[in-house]
Amino acid sequence: LVAMVRCLDSHAMPPLAEFAERNVANPDWRYRAAAAECLGVLVDLDRAVQEPYASLASDPVEAVRDST
């Protein structure tokens with residue numbers, strides 16, 4: 001799953017989110033486990049985007065700081 005997301009980048013996020021939302025409360029534990037895996041990947045992706053973005057807020061170049 002992680003390798004697929006790395007290849008598809010942001011295109012993978014909507015289907016993962018939809019799957020997770022649809023199955024997080026599924027009576028079948030297999031679907032809930034898969035939903036948890038999807039949520040974990042989404043959280044990792046979110047962190048991967050947030051950290052570099054946050055560092056741009058303190059960039060020494062004003063034009064870069066202003067774009068955040």
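Helices (H or I, at least four residues) are DSSP runs, numbered from the N terminus. The model is predicted: local features need pLDDT of at least 70, side-chain atom pairs count only at pLDDT 80 or more, and totals for chains, interfaces and linings use all residues. Residues are numbered from 1 along each chain as its sequence is written, and side-chain values use heavy atoms, with hydrogens and water left out.

N23 belongs to helix α2 (residues 13-23), and M4 to helix α1 (residues 2-8). Their burial classes rest on relative accessible area (buried under 20%, exposed over 50%, partly exposed in between; 1.4 Å probe, protein chains only).

| Residue | Relative accessibility | Class |
|---|---|---|
| N23 | 6% | buried |
| M4 | 39% | partly exposed |

In α2, the buried residues are L16, A20 and N23. Seen down the helix axis, these residues fall within an arc of 85 degrees, so they line one face of α2; the arc is that of the directions from the axis to the C-beta atoms. E21 and R22 are exposed on the other side of α2.

A polar atom of the N23 side chain lies 3.0 Å from the backbone oxygen of F19. Leaving aside residues up to four places away in sequence, N23 touches Y31, R32 and A35, where contact means heavy atoms within 4.5 Å.

M4 also contributes, with L1 and L8, to a nonpolar surface patch of about 250 Å². Such a patch consists of residues with over 30% relative accessible area and no salt bridge, nonpolar side chains (Val, Leu, Ile, Met, Phe, Trp, Tyr) being joined within 5 Å. A salt bridge is a side-chain nitrogen of Lys or Arg within 4 Å of a carboxyl oxygen of Asp or Glu.

Notes. Helix = DSSP H or I, 4+ residues; strand = E, 2+ residues; numbered from the N terminus. Polar contact = N/O pair within 3.5 Å; in protein donor to acceptor, adjacent residues only side chain to side chain. Patch = residues over 30% accessible without salt bridge, like charges linked within 9 Å, V, L, I, M, F, W, Y side chains within 5 Å. Areas by Shrake-Rupley, 256 points an atom, 1.4 Å probe, with all protein chains shown as cover.
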